[in-house]
Amino acid sequence: QQQQQQQQQQQPPPQGAAGQRGHASAREQGGQQQASGAPVPSDVKREAASGSDAAGAAEPEPMAVDDGGDGRSGEYKTPEDEVTALVGHTSEVFICAWSPVGLQLASGSGDATARLWSLPSGPSGKSRQCAPVVLPHLVGGSEAWRDVSKEASKDVSKDVTTLDWKHDGSLLATGSYDGQARVWSASGQLTQTLSRHKGPIFSLKWNRTGQFLLSGSVDKTAIVWDVGAGEVRQQFSFHTEPTLDVDWRDDTSFASCSTDRVIFVCALGEERYLKRLEGHEDEVNAIKWDPSGTLLASCSDDHTAKVWSMERDGALQDLRDHQKEIYTLKWSPAGRGSANPTAPLLLATASFDATVRLWDARSGQCLHVLDRHSQPVYSVAFSADGRHLASGSFDRRLHIWAVKDGALIKSYTGQGGIFEVCWNSDGSKVAACFSNHIVAVLDLERNGTK
């Protein structure tokens, strides 16, 4: 029976650009990044990037500075000693997220751990090191993690596929390839293990009150958990293929997307979905509600992003300028429901065509094309004030852009591809996680950037 449960939990992940989802499938399927360094093809995606030479490095290498990717030496260069390299993971680092309060950073990796880094206050730099708290994701728990050898761990380790902080920074939720969601205290104590999914969890999000946790899985379902009770509040089974992403609209309703090309809007207590949104011609990789909860953005392997409203069935906007799959997207922190209510609402999309685009989502106009990457872009993030955008690519570069005019203002090159970038709560620091096991942190306020 235990073997049957394990087999159910290890359903193969989807083959599309599945957000921060399904990295482990690369190793299981033997996927490899193209030797030429060209963008990863659609059927391999980011999970195959974990088979690259950078990911296989025996020891992590320190960060290196960059000229911005265009040969203009020194224009964007920042001294290497102004970058903090967080070393400890033993495999690719897929995800990272700052606590909403303070300078605590969480990271998740293919080494079956998440780690909590409490960074010292003050400027980032090579000398600003800190030891992480390790959050093991093995069936046997922390004792098993300490006892298992590096070789044996390959058989039992479960990639940490997603993580999210509670709004007050008191709890961290993590999702794993083993199909379990775990809830940890800010000090690293495991407080809940939530078991119901029958496949890897690709996305999970706290609602704004912190009462409920929403998860989406390869088992085709989404679950709303009552975290305090440690119970399933409701399971939603509308998708016919793996659920790739989920996002709360408000405290009790949410959207989910899938490789089945469909988006559902659902609500707690409702047996039927509130809305079924169709129009994408390939799997839908990511979805995100704007700060007001009135507009829903989605992106797909069909090379398009779309903007939806609950007031109509078809898409409000069909954004078709990208030339390859769109991996992820983010709304600017602007308009009603945000900390910047008078700022214009923008949408950023990141694509395998090596570009990031900034859109006026209400008019559908592309305002800026950010084209200084040379390989697929896997992550974008706005600073809290909406003035800056960070992007991370498998060309190993972290770029920082000025949102107002699309100008590149800072750039770094690491020793591996970048899976995710994120800003701290006040927009003074940005973190990036790399395939060579490193998490890097740098400041924006130096050199007049902020």
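Arginine 276 is partly exposed, at 37% relative accessibility (buried means under 20% relative accessible area, exposed over 50%, and partly exposed in between, with a 1.4 Å probe and protein chains only). Arginine 276 forms a salt bridge with glutamate 278, with 3.0 Å between the closest N and O atoms (a salt bridge is a side-chain nitrogen of Lys or Arg within 4 Å of a carboxyl oxygen of Asp or Glu). Glutamate 278 is also partly exposed, at 48%.

The model is predicted: local features need pLDDT of at least 70 and side-chain atom pairs pLDDT 80 or more, while totals for chains, interfaces and linings use all residues. Residues are numbered from 1 along each chain as its sequence is written, and side-chain values use heavy atoms, leaving out hydrogens and water.

**Aspartate 247 and lysine 288**
- These two side chains meet in a salt bridge of 3.4 Å, N to O.
- Aspartate 247 belongs to strand 15 and lysine 288 to strand 19, so the pair ties together parts 41 residues apart in sequence (strands, E, at least two residues, are DSSP runs numbered from the N terminus).
- Aspartate 247 is buried at 5%, whereas lysine 288 is partly exposed at 27%.
- A network of salt bridges links Lys205, Asp245, Asp247 and Lys288.

**Arginine 357 and aspartate 321**
- Their side chains form a salt bridge at 3.7 Å, N to O.
- Arginine 357 is buried, with a relative accessible area of 14%, and aspartate 321 is partly exposed, with 34%.

**Whole protein**
- The count of salt bridges comes to 14.
- Buried residues make up 59% of the 450 residues.

How values were computed
Helix = DSSP H or I, 4+ residues; strand = E, 2+ residues; numbered from the N terminus.
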